[in-house]
Structure formats: structure tokens, C-alpha cells
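Take a look at it, then read on.

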Amino acid sequence: MKPLRDTALLFQREFIHALRNPTWLIVGLMTPLLYLALYTPLLQKLAGGPGFPTTHVLDVFLPGMLAYLAFMNGVSEGYQTIFNLKDGQIERFRVTPANRVALLISPVLADIAWMFIFIIILVAVAVPFGFDAHITGLLVSLILLALLVMVTGAFSIAIALINKEIGSFAAIVNGISLPVMLLSGVLLPLSMAPVWMRVVAHFNPLYYVVEANRVLAAGNIWNSSVGLAFLVTLGLMVVTFWWTTRVFRKAVA
Amino acid sequence: MVAEHGTQDTVLKIDNLCKSYVKGKPVNDDISLSLGRGEIFGLLGPNGAGKTTLVSQIIGLAKPDSGSITIEDVDIIVKPGYARQACSFQAQTQVPINGLTAVQAIELVGRVRGGEAKTVRVRAQELLKNLEMEEWTKKSAETFSGGMRRLVAFCMAAVVPGRIVILDEPTNDIDPLRRRLLWQEVRTLVAMGSMVLLVTHNVLEAERAVDRLAIIDKGKVVSMGTPASLKGNGGFNMRLELTLEPKATIQNTPEYIQNTTVTGRRLIGRLRESDINPTIQWACSLKEQRIAEEYSIGPASLEDVYLKGVGRNDSAEIAEKEADHDRVTA
């Protein structure tokens, strides 16, 4: 009971804390909105062309964008961890009997909750512009993206706890994010890419989530790529949580 | 150092505790303390004496090199989780509560410490009312002064108090009125069954607040007891302070004046109450001979005990500074 109770209490604190810092929320929402507004027109002429799966660009671009949003939400988690380390927040909770897993997971859960809200807004904005929304597919997509935030969030927190410095942490996050994004087909489907890129992409977990998300957006929840994405993400979640819990317990003994 | 307190009511027991961060430079050197239920115990010492390191080990943030710490007979080096439940702690550093109101911050810690929502809410309101902070209850912490933040931090430690409440410099930045209210709340915590460990270098405040105290210097306990017993010093519980004329010296002091120290132009000694009259006569004669400029006799203070225990270098420095000052003004 205590882990659940503590998780609920700390989740509430993190969620409210974000509400009191609206700049983060506005910037967090504006980035994908700007991508939609400024990048989608660039893709218009590619629609229906060779390698482009469907005729409407938003059906391809928005699901990829949502996967990217989840990925960035997760990998940015460590920034807050470092701020919390610096201003004594983690030290403060170290001396309380708060459940350690609850301390680790509650900021990630708050982030997932905010991401859900962002996704609903983005989909609501995209529908009038021609995005074909399938509710069941979207719901399954939300679960998959939540798992992705868990994986990347836990990984990011571990890196932050080991580094403890914002400069080196930012360098690592940026260094990882760019190749992962380009090799996942977020901006353009990898079906348009050369063979070597498509081969390398199979070593990128985000690639599987992006592929599955596009299938899910079309309402096809029983597709094998969906199963594969869940398998990859759940597998990674076991590994990252095992590692992050060890790092966290050492830092927050 | 042998622990003084050792009754069945012992809550916190520390035996032969040693801790060093650099080999050969102990921060805590063979510390033994035994603290009982219902007492306010002061831990006094200058900066760098090893107080915070000692507290860190009690609450399980650091592990000792040797020795033991038990809370209610539970070895908390093996079970630090027990210490976190048994101790509530107000750190010396300001508490990070930005993004929350005072009442939210207090209630959150109360709930995490296992309190029921309704009980915690009532207790939080009670604390804020008793500390005359009602108008701040629902204001965001960003608008708080340093003193307000410290009061909120105190409430966070007191809302669901542990069997041991550790307060590290709780009255820093707090106005005199609320200081008084805070000490009343500390007494209430004791009445509720907690033991309070007060960490401070404010000797005057500690003298009024604590039941017993230990003075720590360079990682060691240099003296321990009640304020009265430490000040009493075998019946020598009065203090003489003589200010000498510039360049005057005193060759001999009467035998009933003990523990005499001369720092610059100031002579300080201890005497029994029964020797006040001859001391006054002696001091008056020094004034007549233009050896002494003025004198005063009063009850000994804990500050004297404290400075004697930890301030050897300070006294020498003060003497040097005063001598310098005399040379400049001559």
C-alpha cells in the first residue's frame, strides 16, 4: 500500500509543480505544434510519391511526431533530476520514509500525464487539417508511448544521477537524441531511406515505436509491428528499470 | 567519553562513533551519547566541529567508520529505513518548497511520514496558527522570506513528528516573536512524546531551551551535562569580569577566584556565591589603585563554558585584537 500511496502523493506534487511553471508547458506544447505547422507543408509534395505510404501527410507525420514527443519527454526527465539534486529536493526526501520506487517513478508518471494532455491537444488541432483519427488505435498508441517515456525517462534519470552536472548531461542527451531521431523515421518515413539506413534503424528502439504508431494511427491495432514495438519497449523497460533502480538506490540510499 | 543517560527510556544511543572523510582526520572521534525520551538535547559546537556529520549518520545519510547507533535498540546502520521513520528532520539549509503553498508543503511531508489526510490537515493548520502564520497558509512559497521558509521547514518536521525530532539551527532568520512561539512548539513536541535533538551554535538560545547538552569540538565531546551542572563547575557558579587600565597588570588573584583567564585588558574568573563580598572589596581596591577600570559580578553563563571548551584559539585571537586596538588608540 505504501508504495502506491507515496506514488499518488508525489505524483500529485509533481503534476501541480508543472502547472505552477507554465513556461515549460507552453514551450513543451509549442515545439510539436510548430513542427506540425512548419514542417507539414514541406512534406505536401511528397505525399503519394515513391516510398511515402499514404496520401495524407498528417497521417504519416503526426504519429511520428507523437513518438518523438514521448521520446523527448523521457530523455529530458534528467534535467529535473539535476535541478532537484541541486536545490536539495532529493536530499529532502532522502531523510523521509518515502518509498524509493515512488520517488523514482512519480516524476515520470507526472510527465506521462502531461504528455497525454499534449497529445489530445495535438490530435484535436490536426483533425480539422485532415488527420484521420482512430480512437482505438490512439488509445493503444497512448499505452505504447507511456511505456516509451518510462524507458527513456528512467534512462535519463540514471544518466543525470551519475553525471550530476547539467552541462555534461545536456551534451549526452543531445548527442544521443539527434541520431536516434534521424534513424527512427520521425521526420520522414524510412521507407524513403537507403538500405543501410533501414538496416541501422533496426538497432534503434524509437524506430519500432514510430512504425507501430503509424500503423496504430490508421486504426490497425493487431499489426505485427505493434506487437514488435511493445516487445522491444517492454524488454528495454525491464533492463533500464533494473539499472536505474540500482543507480537510484545508491544515490538516494 | 562515557554516556551519561542510560535509563530504560533511552531512545537514541551512540557508542564510540568514529567517522572520517580523509584518513587520519576524524570528523567524529569516539563520540558516545545516550538520549532519553522527553528531553531536549543540545548539540553545541563551532562550525566544522562535526555536528552535521553526526546528524547525517543518525538519519542514515552517512555510515560511520566504527561504533554503533541504535534507535530504540534497533541498529540503524543496518536498518537506515528505521531511522527515517523514527526521525523527523529540519535541515540547516533552506528547504526547497518552490511551487507549493506553505500548507501543501507541510501536508505532503505529513502524508509521506504516514499521517492520515484529515489528521495531517488539522495538525498543519494548528502549527501555522500557533506560529501566527495563518495569512501565509495559502501563499506560494516563492513569496516567502528566509524566516518564513524556515518556519515552514519546522512545521514540516513537526507535523507528524518522529520519536526523535532533529532541528538544525531552527531559529536562524526568524523574528523574536515567532522564535518564542517556535520554542513553545518545541516544548509541545516533547509533551507529545518526542525527543528533540537541537543542533546549534547559538549558545544563549540553547541555554534557555535545552534540558541537557553536549559541547563538541574537533569531532570530540568536550563536555556534557545540564546547563546548570556545566555552569556550576563545583560550586563556582559566579563570574567576575574585570577591565584593567591600559598597560596595567595583575600579579596575583585571591585564591577564591578560580579559572582565571586574561584576554587583552579583560580578566575573567569564577567564584562561589559566598565569596562575592571579598571579591567586591578586592575589585574596589584595584579600582582605587587605578589597576582596574571597572568590574562586574554575575551568574556564570553557558557561553563561558562553551568558550572555555572550544574557544582556546578564539580567546588568543581576541586578546591579540584588543592589544592591537589599544596600540592604535594609545
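Helices (H or I, at least four residues) and strands (E, at least two) are DSSP runs, numbered from the N terminus. This is a predicted model, where local features need pLDDT of at least 70, side-chain atom pairs count only at pLDDT 80 or more, and totals for chains, interfaces and linings use all residues. Residues are numbered from 1 along each chain as its sequence is written, while chains are lettered from A and ligands numbered from 1 in the order in which they are written.

**Chain A on its own**
- Chain A has 11 helices and zero strands.
- Its radius of gyration (taken over C-alpha atoms) is 19 Å, close to the 18 Å that the globule rule gives for 253 residues, so chain A is as compact as a globular protein of that length. That rule is 2.2 Å times the number of residues to the power 0.38.
- The C-alpha trace of chain A spans about 60 × 35 × 35 Å along its principal axes.

**Where the chains meet**
- Chain A puts 16 residues into the contact and chain B puts in 17 residues; two residues are in contact if their C-beta atoms, placed from the backbone, lie within 7 Å.
- On the side of chain A that touches chain B, helix 1 (2–19) and helix 5 (89–94) each give two or more residues, and helix 1 of chain A gives the most, with four residues.

**A spot in chain B**
- T249(B) sits in the loop between strand 11 (238–244) and strand 12 (258–263) of chain B.
- T249(B) counts as exposed because it has 10 C-beta neighbours inside 10 Å, and the cut-off for exposed is 12 or fewer, against 20 or more for buried and partly exposed in between.
- I291(B) is 42 residues from T249(B) in sequence, but 7.0 Å away in space, C-alpha to C-alpha.
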